[in-house]
Amino acid sequence: MPLSQEQQLDAILTSYGPIIGMILVLLGVSLSLAGPRLLPLLTAWALFVPFALTAGAVVYAFLGVDPKIAIWVGVAFGMVAGISGASIGKNFHYIVGGSLGMGVMAVILSIIVEFYSINWIIGAIALDIAFIIGARLVKNMKEPVIFVGSSSLGGISLAAGVTITSVGIQGLENFDLNSGLSAIIIVVCIIVGSFFQQWRYGDQLD
């Protein structure tokens, strides 16, 4: 009898969860405490995550590919995006600023579409303009953006690593999604990581 999607996911997490989780934990700690030293890796990770998740989800949901294969397809796409963008590490703060601008615009558009119909071309142009504005606003804020950005990514990575490891050990049925642990980890990483980086690297950035 074939396994259900939930059973397949549970089997994958049980097999690979602890290993992947520990890698993410180590990466999260490194990004939180040594972000400025890891700008190429930081940029690559910032590009890897969305591309990997999007590619894996699209392949699984729309092409009907097996979950195990979809995961590796997502990882492959993410690695290509990360490696391609690693060389722009010195401009990481522009990426963060632009991404925040797009995020704010996406929220605004999601509210507007509840009342008015918006052409997708107009929406795309609005997001592009928001990215440019966001990147422009952080032009002279390299240090704080890098410190907070790296700590945030580190916190997300660490929280994801802890979650995946826990699921791999406990199984999906026994894992509590409402514990709030991930939110606590991210907040602590942002605060501690930002202050540590300011103290350690504050006078070393160009």
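Is Ala 135 buried or exposed, and what is its relative accessible area?

What we have here is a predicted model, in which local features need pLDDT of at least 70, side-chain atom pairs count only at pLDDT 80 or more, and totals for chains, interfaces and linings use all residues. Residues are numbered from 1 along each chain as its sequence is written, and side-chain values use heavy atoms, with hydrogens and water left out.

Let me begin with the overall architecture. The chain has seven helices and zero strands, where helices (H or I, at least four residues) and strands (E, at least two) are DSSP runs numbered from the N terminus. Of its 206 residues, 35% count as buried; buried means under 20% relative accessible area, exposed over 50%, and partly exposed in between, with a 1.4 Å probe and protein chains only. Contact means heavy atoms within 4.5 Å. Among the contacts with a separation of 6 or more, 81% are accounted for by residues 24 or more positions apart.

Now to the opening question. Ala 135 is buried, because its relative accessible area is 11%. This residue belongs to helix 5, which spans residues 120–137. Leaving aside residues up to four places away in sequence, Ala 135 touches Tyr 94, Gly 97 and Gly 98. Its C-alpha atom is separated by 7.4 Å from that of Val 96, 39 residues apart along the chain.

For contrast, consider Ser 84 in helix 3, residues 67–85. Ser 84 is exposed, because its relative accessible area is 56%.

Which residues does Ser 150 touch? Not counting residues up to four places away in sequence, they are Leu 31, Ser 32, Gly 35, Leu 42, Phe 92, Val 145 and Gln 197. Ser 150 lies in helix 6, residues 142–170, and is buried, because its relative accessible area is 0%. A polar atom of its side chain lies 3.1 Å from the backbone oxygen of Phe 147.

Phe 92 leads us to the last topic, a pocket. Of the 16 residues that line the second largest pocket, Phe 92, Ile 95, Val 96, Ser 99 and Leu 100 are the closest to its centre. On a 1 Å grid over the protein atoms alone, a pocket is an open set of points where a 1.4 Å probe fits, with protein on both sides within 12 Å along at least five of seven lines, and lining residues have an atom within 4 Å of a point. Helix 6 gives the most to this lining, with six residues. The lining divides into 13 nonpolar, three polar and no charged residues; Ala, Val, Leu, Ile, Met, Phe, Trp, Tyr, Cys and Pro count as nonpolar, Asp, Glu, Lys and Arg as charged, and the others, Gly among them, as polar.

Notes. Polar contact = N/O pair within 3.5 Å; in protein donor to acceptor, adjacent residues only side chain to side chain.
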